[in-house]
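Student: I've got the sequence and the fold open side by side. Can we talk through a few spots together?

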Amino acid sequence: MDSIDILKRAFRRYYFDKFDTKLDRIKEREFGYATFDNRVIRHISFNDKNELRALLVREIPADVYASNAYYTNPEAEIELKNWLAADLIFDIDIKDLALPCMKDHQFSICINCKDISNEKICLKCRSNTKEVNIPCNNCIEEGKHQVFKILEMLNELGANKISVYFSGNNGFHIHVNDEELSYLNSEARRDIADYIKGIGIIPDIFGMGRKKNIDHIKDALNSEKGWKGRIARELLSRMDRNRLISSLRKKSYENFNNELRDITKRLGVTIDTVVTIDTHRIFRLENTLSSKSGLAKIKIDDVSQFNPYEDAVFIDDEPTKVHIHYAPKLLIKGNSFGPYKDEIVSLPLYAAVYLICKGLASEPKVLN
Amino acid sequence: MEIIFSKYDAAKYPFLPIAREYVKELGYDLNEFNESNSYILDKSLKRILLALDNKPSKELGEPDEEIISFLISLLILNILDIRSVSKRFALAEAERIENFIENDLKDENERRRESILRYIFENTLGLKIIEDSMQKYKIKVAEYLRRSVNLHDPHWRLINKDVYEGYVHLEIHDIVRLIREEIALLIYEKIEKMNVKDIPESIKNRVEILRRYTINDKRFKPIIIVNKYPPCINHILSTLEKNDNVSHTARFLLATYMLAIGKSIDDTCSLFEHAPDYNEKITRYQVEFLAGKRGNRKSYNCPSCEKIASMNLCYKNEECDNIRTPLQFGMKRNG
């Protein structure tokens, strides 16, 4: 039995015993999946969730995806599917936040000799390395902070039926199932993505055009809502109103433009634009496991209380022996593990699966 | 609330059904417009020519003349049957109408403003606009985006608008600009639908004058679509050929593709002449920018097929043969 057999055993049991989904309009969506031997199969459709579950139990995919789009013919090739609408989706990847703590828990492991480094090519044996990231509490909290910001902005846009998901590995997904927004094309979604990210603001909306309008500047500083309100609060937090107005009077268009860009970049949310503007994407399906971690993509009811190492762990705790090449200290399901370095250990299946998925452990080799 | 519209409104907004009803009440017969009535025919022709030069009259003339010259203009354009001419007329007339709507929305009479909102925006365009405060209006975010994506100035981007509680809050000027293309489309459809038998010679003569005027004008020549272009490029060219708006990303793709296959800046610019919002100076600046002759002097590459697909601009067919960039189109097939 190799490492993949351990994963398949764990995934099969999950899909057989625990999988369920509340995904709506299943018939109109395209599904796809990746296998453990790295094949990707897409353009599949199901009549209902029982058919979907049957496939999951039969094929035991490494990763499972469903389209955010609804089609008349979801099985057909992309040009023949007949696009009807698509949920609006956002992807927050903690890795993209460039947090200072990353250096403490991101490293590389050589796929051959298992040496730990920060290199793309192993310095010892010249083989490729695999990048490993184990998000810490700080990462998760920063990710949640991004989620709260996006929720505030979606509220400004009047979006209804918003669901927040843990992505299954290293981030959060936000699904907006709002009919009015579901008909928007890629261009309109790009404008929403830019709004969320804080891209494209111009000084003119603050009265700071090539020709200054002092009344307009004063008005803008009174704003409470939307981007204008956010920027006004930020500027007013730096100095009092009168000093601010007189400093803006003196400021050049270019200087204010640069300042605004810095502010909006900081107050905006780090999302992957490509995901949001793609109206034909297949995106990880809720309540399925990620082969990058063994954790599930799950809907979060209370974002502030959410802990992925507690709430997204659905694999059972059957004791499983694994050869751990390297692992920092981990806390999963309230149990502490490690640190480990090149040792064979018996762990609950969920912890073994986590480390195998991260490339840090494998099935112990049996000597003949 | 009762909608209050007069014959002056029919004159300002001759694309609305009230204008046609008004003419019906007057009981005109098309045959009356012979050479002895050349004044109104010449006014119609002039109306078209001013529109083609994008200089429609800002003034409102005598209501009957306004309405009838509009309807005869539609008839002349229908017989002429050159799509690019009809489209340009429709857009210029829509711009003129925009000014009238803007003024009417500034009217102190609340019932009057409400009538415009109800009759033009809601009943005719199916767009619900709510008066927010005096001289400010609000529109649902999705309704806004559906229209604003065709407008390329940065001030139309959502981040530069007052957005809260599900609405985009706009000044009057913006709200009327937002519907220009829809009104133009309504006018264009009216031209297409004109169906009059037994056209008087006097009108046919005006059609011929207009034909001679437009025949040598490069703005109205059809774009020749060569089959050697990949389908994504042909799709943009055929959209432009219909004088329909193309998105910012489609413009980027077309320009970078043409520059990459060695077309000159002049030739690349000329492809955009058919865009309804064509502006020679802006187009040239943008094409030169992409060619690396302006701004940061960086030239822009034609996007890959994957990127084009993610922008929903891919119309691949079997001839594409798994190419990775539109620049490879035709190459793989030949070996």
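Predicted model: local features only at pLDDT ≥ 70, side-chain atom pairs only at ≥ 80, totals over all residues.

Student: Is B:R206 buried or exposed?
Tutor: The relative accessible area of B:R206 is 6%. Buried means under 20%, so B:R206 counts as buried.

Student: Over to chain A. How many residues does chain A have, and what share of them is buried?
Tutor: For orientation, chain A has 13 helices and 18 strands, and its C-alpha atoms fill a box of roughly 85 × 50 × 40 Å along the principal axes. Of contacts in chain A between residues at least 6 apart in sequence, 66% join residues at least 24 apart. Chain A has 368 residues, and the buried share is 55%.

Student: How are α8(A) and α10(A) oriented to each other?
Tutor: The axes of helix α8 (residues 226-238) and helix α10 (residues 253-267) of chain A come within 11 Å and cross at roughly 110°. Angles of 65 to 115 degrees count as roughly perpendicular. So α8(A) and α10(A) are roughly perpendicular to each other.

Student: What classes of residue make up the contact of α8(A) with α10(A)?
Tutor: From α8(A) come A:W227, A:R230, A:I231, A:E234, A:L235 and A:R238, and they meet residues of α10(A) including A:F256, A:E259 and A:L260. By class, that contact has 7 nonpolar, 1 polar and 5 charged residues.

Student: What span should helix α4 of chain A have, and how far apart are its end C-alpha atoms?
Tutor: Helix α4 (residues 137-156) of chain A has 20 residues, so at 1.5 Å a residue it should span 28 Å. Its buried residues include A:C139, A:I140, A:K144 and A:E156. After α4(A) comes A:G158, with a positive phi near 75°.

Student: Which helix of chain A do the buried residues of α12(B) pack against?
Tutor: Helix α12 (residues 248-260) of chain B has 13 residues and reaches 18 Å, close to the 18 Å expected. Among its buried residues are B:T249, B:L253, B:L254 and B:Y257. The buried residues of α12(B) pack against α11, α13, α14 and α15 of chain B and, from chain A, α6 (186-197).

Student: How far apart in space are A:A86 and A:H280, C-alpha to C-alpha?
Tutor: A:A86 is in strand β5 (residues 83-86) of chain A, and at 0% relative accessibility it counts as buried. A:A86 touches A:N68, A:Y70 and A:T279, among others. Along the sequence, A:A86 and A:H280 are 194 residues apart, yet their C-alpha distance is 8.0 Å.

Student: Last one: how does A:R249 count by relative accessibility?
Tutor: A:R249 lies in helix α9 (residues 241-250) of chain A and touches A:K212 and A:I214. The C-alpha atoms of A:R249 and A:K212 are separated by 7.6 Å. With a relative accessibility of 46%, A:R249 counts as partly exposed.

How values were computed:
Residues numbered from 1 in each chain as written. Chains lettered and ligands numbered in written order. Heavy atoms only, no water. Buried < 20%, exposed > 50% of the residue type's maximum accessible area, 1.4 Å probe, protein only. Axes fitted to C-alpha atoms, helices over the stretch in contact; angles between N-to-C directions. Helix = DSSP H or I, 4+ residues; strand = E, 2+ residues; numbered from the N terminus. Parallel < 35°, antiparallel > 145°, perpendicular 65-115°, else oblique. Contact = heavy atoms within 4.5 Å. Nonpolar A, V, L, I, M, F, W, Y, C, P; charged D, E, K, R; others polar. Expected span 1.5 Å × (residues − 1). Lists of a residue's contacts leave out its neighbours within four places in sequence.
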